[in-house]
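This briefing concerns a protein–DNA assembly. The structure is shown first, and the notes on its contacts follow.

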Number of protein chains: 2
Amino acid sequence: MTNDTMSASPVDVAPEQACPIAPVVDIVFSRWTTPILWVLNEYGRHRFVELERRITTITPKVLTERLRQLERDGLVVRTYHPEVPPRVEYEISELGRSLAPLFAALADWSINLGEVEQARLDYDARKPVRSRRT
Amino acid sequence: MTNDTMSASPVDVAPEQACPIAPVVDIVFSRWTTPILWVLNEYGRHRFVELERRITTITPKVLTERLRQLERDGLVVRTYHPEVPPRVEYEISELGRSLAPLFAALADWSINLGEVEQARLDYDARKPVRSRRT
DNA sequence: CAGCATCCGATACGATACTG
DNA sequence: CAGTATCGTATCGGATGCTG
């Protein structure tokens, strides 16, 4: 739920029953964080406009919001150089770097994407049968 | 990274994001899928109401939507028993079970949640300085 | 019980315009 | 360059009511 600064996620509100990995998911896999962290982790330090160009579908507003969130969570380090024109660089933090095994596990699992696609085809072929009623 | 089984894989549908793990994130870590998969993976087969009771903050409508999605993606198996009253059971599929290492990696990383929390406190303590203008 | 249909409010996101 | 501010919209999720 890509929550901003203060709101608790709907998973967090029921900690006694909710799965323990939900908080991690909220932090690491909220809406645009994965491409940002991935890029910073894979290709190193980036200026704002460089991130914009790499993640072509993101708007500056959203990129700013997500970078702020990641900076606040300690996953990204923002460095402001008071020059003219101004230069701001973002790099992954040590904490962010600790996500590498996670990303690797994600990448490993992507071999199953074909199976997911096949499951969708099968489901879509079966579904009309299930919902047929007239 | 973008591992492709045979033909055009869904991995390549969003190359503009420059993030090969994004498709996996979309499938596995979309809105409510994590608690559902976690519960089914950890505690086995569940009826609809049992899932409702375990994930206390989810509404039946959303639970249904997410279960349909997970079923379509082949991560969850739905079994309908035509009884009175009707009984429906959900269990994780073999493909869904292959997510276990991923979940384990997530759980491992949760030891860093304290550091995230600390980073937030630090950021919130510094932030007023950055935006101070009077 | 297990759901689907419908309405509705919150809000995340995109588009645009404007600053230091 | 690196944002911020404002606005409109599309989507998501919650609440309610109704079926087999």
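A residue is taken as near a molecule or strand if one of its heavy atoms lies within 4 Å of it. The model is predicted: local features need pLDDT of at least 70, side-chain atom pairs count only at pLDDT 80 or more, and totals for chains, interfaces and linings use all residues. Residues are numbered from 1 along each chain as its sequence is written, chains are lettered from A and ligands numbered from 1 in the order in which they are written, and side-chain values use heavy atoms, with hydrogens and water left out.

**Relation of the two protein chains**

- Chain B superposes on chain A by a rotation of 180 degrees with 0.0 Å of shift along its axis, at an RMSD of 0.2 Å (least squares on the C-alpha atoms of residues with pLDDT of at least 70 in both copies).
- The two copies are thus related as by a two-fold rotation axis.
- Of the interface residues of chain B, 90% are also interface residues in chain A, so the copies meet through the same surface.

**Interface of chain B and chain A**

- Chain B gives 51 residues to the contact and chain A gives 53 residues, where contact means heavy atoms within 4.5 Å.
- About 5,100 Å² is buried between the chains, and carbon and sulfur atoms give 70% of this area; buried area is the accessible area (1.4 Å probe) that two parts lose on being put together, summed over both.
- Ile21(B), Arg72(B) and Trp109(B) supply 15% of the area that chain B buries against chain A, more than any other three residues.
- There are 4 salt bridges between chain B and chain A, a salt bridge being a side-chain nitrogen of Lys or Arg within 4 Å of a carboxyl oxygen of Asp or Glu.
- One salt bridge joins the side chains of Arg72(B) and Asp124(A), with N to O at 2.5 Å.

**Surface near DNA strand D**

- Of the atoms of DNA strand D within 4 Å of the protein, 70% belong to sugar or phosphate, and the rest to bases.
- At Pro86(A), a polar backbone atom lies 3.5 Å from a sugar or linking oxygen of DNA strand D.

**Surface near DNA strand C**

- DNA strand C is also surrounded by 19 residues, of which the closest are Arg31(A), Lys61(A), Val49(B), Arg78(B) and Tyr90(B).
- Sugar or phosphate accounts for 74% of the atoms of DNA strand C within 4 Å of the protein, and bases for the rest.
- An N or O atom in the side chain of Lys61(A) is 2.6 Å from a base oxygen of DNA strand C.
- Phosphate oxygens of DNA strand C lie 2.9 Å from a polar side-chain atom of Arg66(A) and 2.5 Å from a polar side-chain atom of Tyr90(B).

**Salt bridges over all chains**

- The structure holds 17 salt bridges over all chains.
- Arg45(A) and Glu89(A) form a salt bridge, with their closest N and O atoms 3.5 Å apart.

Note on methods: A polar contact is a pair of N or O atoms within 3.5 Å; within protein, one must be able to donate a hydrogen and the other to accept it, and residues adjacent in sequence count only if both atoms are side-chain atoms.
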